[in-house]
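Welcome! Take a moment to look over the sequence and the 3D view below, and then we will walk through a few features together.

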Amino acid sequence: MTSRNWVHLFLTTLVVGAVTTAVVGFIVRWDEFQQLLSDFNILEFLSILVWLMGVGLIFSILSQMGFFAYLTVHRFGLGIFKSLWNAVQILLIAFVLFDLVYLRYNAFAESGESLMSYIGLAVIVLVTGLIVSFLKVKQTNKEAFIPALFFMIVVTVIEWVPVLRVNEHSWLYLMLFPLLACNAYQLLVLQRLNQKSLEERKALEEKVKAKTNKKAQKKPSNA
């Protein structure tokens, strides 16, 4: 990927994170926003909105760190496990989804509390991962399904760990959806940016070659 396209990916992912967090925060904290709007307290409303967008930028940077870390891990995984790498990823996906339910339930469930609320979050992550993975397959090939699913589930949950440890209800959703949005965006736009970078490199090479040929034609003969 060229530096220009990398900067484009970085900036647009920041926007995705900021906007998604603002929207989710508006929904999660609707009672607070509704009160501010009814009181015509526009300045405080805008200050909270800007704060949410700032938090979204942090989530976006965390997502991008996870994305580029996974690209490195994926290469190492292919080199170490070779054809078994997909099987290893499937096992890790199952392990993470199980722990996302089981460990949280053991740590935070109160007496008589249902398991369904803990399963619900895992289902959201799984369904989103499946949808994004199918879209990735349409963009590329069927071999991309397992890596995409691994990234959308395992890496997202790892990025989500700071809030999972606290288990504060509103923050769980406030961080989860921006992470899913940023991760999905990066995964789906990567192919287009790589192709664009390849075309830009070819165009640059042709331009340099044409310029070199032009200089060679203008050079006087020694004969």
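## Confidence in the model

Among the elements of the protein chain, which has the lowest mean pLDDT and which the highest? Helix α2 (residues 30–38) has the lowest, at 72, while helix α6 (residues 145–166) has the highest, at 94. Please keep in mind that this is a predicted model. For the protein chain, the mean pLDDT is 87, and 93% of the residues reach 70 or more.

Let us begin with helix α1, which covers residues 3–28. With 26 residues at 1.5 Å a residue, α1 should span 38 Å. The C-alpha atoms at its ends are 37 Å apart, which agrees. Several residues of α1 are buried, including Asn5, Leu9, Thr13, Leu14 and Gly17. Val24 and Gly25 are also among the buried residues of this helix.

With a relative accessibility of 38%, tryptophan 6 counts as partly exposed. Together with Met1, Val7 and Leu11, Trp6 forms a nonpolar patch on the surface. The accessible area of these residues together is about 340 Å².

## Aromatic pairs

How many aromatic pairs does a search of the whole structure find? The search finds 14. In one of them, the ring centres of tyrosine 70 and phenylalanine 150 are 5.5 Å apart and the planes meet at 35°, so this pair is tilted. Tyrosine 70 lies in helix α3 and phenylalanine 150 in helix α6, so the pair ties together parts that are 80 residues apart in sequence. Tyrosine 70 is buried, with a relative accessible area of 6%, and phenylalanine 150 is buried with 6% as well.

Tyrosine 70 also forms a tilted pair with phenylalanine 151, at 5.7 Å centre to centre and 35° between the planes. Phenylalanine 151 lies in helix α6, so this pair ties together parts that are 81 residues apart in sequence. Phenylalanine 151 is buried, as is tyrosine 70. Ring pairs also link a cluster, with Trp6, Phe10, Tyr70, Phe150 and Phe151 among its members.

## Two loop residues with positive phi

Most residues other than glycine have a negative phi. Lysine 82 is not a glycine, yet its phi is positive, at about 55°. Lysine 82 sits in the loop between α3 (42–81) and α4 (85–108). Is lysine 82 buried or exposed? At 59% relative accessibility, lysine 82 counts as exposed.

Asparagine 167 has a positive phi as well, of about 65°, although it is not a glycine. You can find asparagine 167 in the loop between α6 and α7 (169–218).

Notes: Residues are numbered from 1 along each chain as its sequence is written. This is a predicted model: local features need pLDDT of at least 70, side-chain atom pairs count only at pLDDT 80 or more; totals for chains, interfaces and linings use all residues. Side-chain values use heavy atoms; hydrogens and water are left out. Patches are made of residues with over 30% relative accessible area and no salt bridge: like charges are joined within 9 Å, nonpolar side chains (Val, Leu, Ile, Met, Phe, Trp, Tyr) within 5 Å. Accessible areas come from the Shrake-Rupley method with a 1.4 Å probe; for residues, only the protein chains shown count as cover. A salt bridge is a side-chain nitrogen of Lys or Arg within 4 Å of a carboxyl oxygen of Asp or Glu. Helices (H or I, at least four residues) and strands (E, at least two) are DSSP runs, numbered from the N terminus. Buried means under 20% relative accessible area, exposed over 50%, partly exposed in between (1.4 Å probe, protein chains only). pLDDT is the predictor's confidence in each residue, from 0 to 100. The expected span of a helix is 1.5 Å times one less than its number of residues. Rings of Phe, Tyr and Trp (its six-membered ring) pair if their centres lie within 6.5 Å; planes under 30 degrees apart count as stacked, over 60 as edge-to-face and the rest as tilted.
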